[in-house]
Amino acid sequence: MNRSESLFARAQELMPGGVNSPVRAFRGVGGTPVFVERAAGPHIFDADGKRYIDYVLSWGPMILGHAHPAIVEAVTRAAQDGTSFGCPTAKENELAELVIEMVPSIEMVRMVNSGTEATLSAIRLARGATGRPKLLKFEGCYHGHGDSLLVAAGSGVATLGIPGTPGVLPEVAQNTLTAPFNDVAALERVFEVHGADLAAAIIEPVAGNMGCVMPRAGYLERLRELCTKHGAVLIFDEVMTGFRVAAGGAQARFGITPDLTTLGKVIGGGLPVGAYGGRRDLMEHIAPAGPVYQAGTLSGNPLAMSAGLAALRILHGTDGLYEDLDARTRRLFDGLRSAASSEGFATTGHHIGAMFGIFFAEHEVWSYDDAKRADAAMFGRFFHEMLQRGVYLAPSAFEAGFMSTMHSDEVLESTITAARSAFGALRQFVAESG
Ligand code: KE4
């Protein structure tokens, strides 16, 4: 039994499923999760000292690579002055100013401690500001574990949602409507039937929780038009795309202005930070400026603000950084797909900025239904073949992969070489399985 196996055995006695977040438990790919001891640049090192090239990057935050010197220095220095005060600090002003500068649709911002807090707060704000009950979300998009968001689609597009997990009350779920991603006709129908009751529509402008799936041309623009026409708040959940697909996020890349934006992951430089912000007339509804309550003991924590500032200052201030990330991600994506086809595997996928996703499928993937028709079992085998070869991909066919500025040409080449070998082993497996 290696260290990860023995640690996992013990962890399962202490924590549900042995983890503090379900996707880490490898249930999507099978096997024992890798217990990480340390990380540096593009690499993680497991409890047995084995090194992996990391394309999960803590599910997105580590866009500058692990243990970036500027971030480590900022957190170390901040810690020496105390770790939390529960009082306002200048650092919160500084990070707020930088976020507002980088994301112009954000006129005012509130810091919280996770993406989940950001989205559930933004939804409460939209409902409080509009006085309307209904929320529209999209199949395959994930926005954290707020009750309104853990909802499965009702029988028809314009029908009321049903609880997506025990513990979510039907009366909560029924206020959430779900439409297929990239389906304009379904969008029109929801607004036709429920437009007057819709407080908000929340969407991942590039979906990263059904694999990586781009919006079709014109789709987000139509959603913007319909929200404006019906007076619904458009929330871009940029927890994953923010500071990743461009310095200003997907909204900058696509030229669409949401009413509210939620942020997370990169904004904290690896420490727990989420944020929501947008139109001033909406944000001024938030307590104590307005009546919509939201609070948090560690919101704006000085260590987290220091890490976020260090990260965003580099991202904002480095010319060509996003073009370089785009090019690295494209090189990896193309390399993986050509490695697959050289061994006879049909793949498809999307990539933009520092995020990507590959599906084992002959068909294109533009929705959650399309993604579910891809071969997740084959992805699971590919995942383990790559893990054995020292490459750590997201342990689920329904997640996105991430690129960092520290994934050098040599690291990318090593990854593609590993993939060629992995696909060769997969072909052999398929041949032997008949
Ligand atoms: P957190 O509460 O996990 O910080 O953020 C929730 C969230 C909100 N919005 C989007 C678009 C997200 O992708 C997430 C969280 N992403 C998952 C990975 N797909 C986090 C990994 C996990 O759950 O452990």
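I take a salt bridge to be a side-chain nitrogen of Lys or Arg within 4 Å of a carboxyl oxygen of Asp or Glu. The model is predicted, so I note that local features need pLDDT of at least 70 and side-chain atom pairs count only at pLDDT 80 or more, while totals for chains, interfaces and linings use all residues. Residues are numbered from 1 along each chain as its sequence is written, and side-chain values use heavy atoms, without hydrogens and water.

**Salt bridges**

I looked up the total and found 18 salt bridges. I then examined Asp409 and Arg328, whose side chains meet in a salt bridge at 2.9 Å, N to O. Asp409 lies in helix H14 (residues 409-433) and Arg328 in helix H11, so the pair ties together parts 81 residues apart in sequence. Helices (H or I, at least four residues) and strands (E, at least two) are DSSP runs numbered from the N terminus. For accessibility I use buried for under 20% relative accessible area, exposed for over 50% and partly exposed in between, with a 1.4 Å probe and protein chains only. Asp409 is partly exposed at 44%, whereas Arg328 is buried at 15%.

I also checked Arg373 and Asp370, which form a salt bridge at 3.3 Å, N to O. Arg373 is exposed at 55%, and Asp370 is buried at 15%.
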